[in-house]
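Biologist: I would like to learn how to read a few features of a structure. Can we start with the way helices pack?

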Amino acid sequence: MSDILCKRVYEQPDVTDGFRVLVDRLWPRGMKKETADIDLWAKDIAPSNELRKWFGHDPNRFTEFQSRYLAELSANPDASEFSSIVKSKLLTGNVTLLYSAKDTKHNNAVSLKDWLEKDFGA
């Protein structure tokens, strides 16, 4: 069974990453597009600029951030297409959601992983 993983985009790619998806709206600082090992940049399913700025990576706001982000995903037509892509990629290997935030527990990739797993009934 394949898994959905979360990983900082700055970490070394690994063969176990499988299909690598950048899930941030903004391109990671200091990373060149030519050298980034990314299969898909899903910026259209990332949190809105307004939500991203409001959250400001404040762990105390994470629960509210998750709630608002899930509402955005539910209203986003690109989210169901993204979910279908992830589901199909999981048939052949892992899918790794890449993010640039320093906090490994309070970020949009973690929230997106939870949303996808609930969507898949996992």
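Modeller: This is a predicted model. Two packed helices are described by the angle between their axes and by the distance between those axes. Here helix H3 (residues 77–90) packs with helix H4 (residues 108–119) at an angle of about 75°, and their axes are 11 Å apart.

Biologist: Which residues of H3 and H4 meet?

Modeller: From H3 come Ala79, Phe82, Ser83 and Val86, and they meet Leu112, Trp115, Leu116 and Asp119 of H4. By class, this contact of H3 with H4 has 6 nonpolar residues, 1 polar and 1 charged.

Biologist: How many salt bridges are found in the whole structure?

Modeller: The search finds 4. Asp17 sits in the loop between strand S1 (4–8) and strand S2 (19–22), while Lys7 is in strand S1; the two are 10 residues apart and link distant parts of the chain.

Biologist: What lines the largest pocket?

Modeller: Its lining has 19 residues, with Asp24, Arg52, His57, Ser100 and Ala101 nearest the centre. The lining divides into 9 nonpolar, 4 polar and 6 charged residues. The volume of this largest pocket is about 460 Å³.

Terms used. Residues numbered from 1 in each chain as written. Predicted model: local features only at pLDDT ≥ 70, side-chain atom pairs only at ≥ 80, totals over all residues. Heavy atoms only, no water. 1 Å grid on protein atoms, 1.4 Å probe; cavity = no way out; pocket = protein on both sides within 12 Å on 5 of 7 lines; lining within 4 Å. Points joined across faces, edges and corners; volume = space filled by probe spheres on them. Nonpolar A, V, L, I, M, F, W, Y, C, P; charged D, E, K, R; others polar. Axes fitted to C-alpha atoms, helices over the stretch in contact; angles between N-to-C directions. Helix = DSSP H or I, 4+ residues; strand = E, 2+ residues; numbered from the N terminus. Contact = heavy atoms within 4.5 Å. Salt bridge = Lys/Arg side-chain N within 4 Å of Asp/Glu carboxyl O.
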